[in-house]
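The structure comes first, and the notes follow it.

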Amino acid sequence: MTGSTPALFTADDYRARLERAGRAAADAGLAGLLVAPGPDLVWLTGYAPTAITERLTLLVLVPGRDPVLVVPTLEAADAGHAPGAPALTLRDWTDGTDPYAVAAALLDGPGCFGVSDNAWAMHLLGLQRTLPGISCTALTEALPMLRAVKDAAELELVAAAGAAADAAFEDIRTVRFGGRRESEVAADLAGLLRAHGHEVVDFTIVASGPNGADPHHEAGDRIIEDGDMVVLDFGGLRGGYGSDTSRTVHVGEPTDEERRVHDTVREAQEAGFRAVRPGVPCQEVDRAARAVIEKAGYGAYFIHRTGHGIGVTTHEPPYMIEGERQPLVPGMCFSVEPGIYLPGRFGVRIEDIVTVTEEGGRRLNDTVRELVVVE
């Protein structure tokens, strides 16, 4: 990683995000936010340290005060070049001094702070030793929707990442599958994602035959055979925003049962997509997709949630799962990805990223959802 993300957003964009985060913290009754290096810091400031080490880097955001980024002195120059730096005050500390005292002096004292999920325990414990009255809650629990609603510029980036993943699928379906290792096809897929503009490849699942019944199968040395179903699930970051799509292909002609299972998943995916509209609770997307699979008799073999949010990471809130009552809001982006997994035999998954519009939903993946036959 470089010291900052590409200059896709201006200092004013980051200033607006910081103000929005401060208001959200106050509305949630939090004393403030403590944001360590990771996706939240990138989204709020554009800053990604070249290395995440034991030295404290922490954004301190207290409602009603200017945001302050506490950084080691040796990294202050890089932080100062981040696109969001003009919206911040930088406070550096040198080796041999107490960084927790620097950070604690910026807080109003006792209170509950929202902390980014990937903050190191040693840093939180150090801060609590210095200021014993503070308590902490995970940011995704306290403010799960902070990054969930994308603005127009963010939507363009998510859509571009989806289009690039689609282009990779169109290319991969033309290569030979039969007689090759899963890992070889996965390497092809990773190369195609990069060729179509991805800076980061997060995953390239290639799960053939019985391996397809494992939703998070790691591509391995299994030789793909004629007659195999092959689940492809792949994505990463392009322009700082995520892609994630799944299609299931078949080597040679499928059996009637394989077509039936694939058709069921395709119908479930369509039902989940059709349930998307503003104001509908997230769980309704899961219910709609799951009902199709249960009616077909495969309910016990749909073993994961229907979807997850996507943005500066490939998995983030909101989640399309029973019990999630958060209403859908225009600008949210998430996956709709039902599947059926028959142990020891094969699996099928079909996944699109969908964004909520004022009228309903819009797919950000548009490759064919019918069963594709490959060689």
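## Helix H5 and its surroundings

The buried residues of H5 pack against strand S1 (32–35), strand S2 (58–61), helix H4 (99–104) and strand S6 (134–138). Contact here means heavy atoms within 4.5 Å. Helices (H or I, at least four residues) and strands (E, at least two) are DSSP runs, numbered from the N terminus. The model is a predicted one, in which local features need pLDDT of at least 70 and side-chain atom pairs count only at pLDDT 80 or more, while totals for chains, interfaces and linings use all residues. Residues are numbered from 1 along each chain as its sequence is written, and side-chain values use heavy atoms, with hydrogens and water left out.

H5 spans residues 121–130, and its buried residues are His123, Gly126 and Leu127. Buried means under 20% relative accessible area, exposed means over 50%, and partly exposed lies in between (1.4 Å probe, protein chains only). Viewed down the axis of H5, the buried residues fall within an arc of 95°, so they line one face of the helix. That arc is taken over the directions from the helix axis to the C-beta atoms. Ala121 and Arg129 are exposed and sit on the face of H5 turned away from its buried side.

## Helices H7 and H8

Helix H7 (residues 152–172) and helix H8 (residues 182–195) have axes that come within 9 Å and cross at roughly 140°. Axes are lines fitted to C-alpha atoms, for helices over the stretch in contact, and angles run from 0 to 180 degrees between N-to-C directions. H7 and H8 are therefore oblique to each other. Angles under 35 degrees count as roughly parallel, over 145 as roughly antiparallel, 65 to 115 as roughly perpendicular and the rest as oblique.

On the H7 side, the contact is made by Ala165, Ala168, Asp171 and Ile172; on the H8 side, by Val185, Asp188, Leu189, Leu192 and Leu193. By class, this contact of H7 with H8 has seven nonpolar, no polar and two charged residues. Ala, Val, Leu, Ile, Met, Phe, Trp, Tyr, Cys and Pro count as nonpolar, Asp, Glu, Lys and Arg as charged, and the others, Gly among them, as polar.

## Helices H9 and H10

Helix H9 (residues 256–274) and helix H10 (residues 282–295) pack at about 155°, with their axes 7 Å apart. That makes H9 roughly antiparallel to H10.

Thr264, Glu267, Ala268, Ala271 and Gly272 of H9 meet Val285, Ala288, Ala289, Val292 and Ile293 of H10. Sorted by class, the contact of H9 with H10 has seven nonpolar, two polar and one charged residues.

Ala161 is part of helix H7 and counts as buried, at 0% relative accessibility. Leaving aside neighbours within four places in sequence, Ala161 is in contact with His198, Arg238, Tyr241, Gly242 and Ser243. The C-alpha atoms of Ala161 and Thr264 are separated by 27 Å, with the two residues 103 apart along the chain.

Leu8 lies in the segment before helix H1 (11–27). With a relative accessible area of 40%, Leu8 is partly exposed. Apart from neighbours within four places in sequence, Leu8 is in contact with Leu157 and Gly239.

## A cis peptide bond

Pro317 and Pro318 are joined by a cis peptide bond, with omega about 5°. Pro318 is in strand S12 (residues 316–320).
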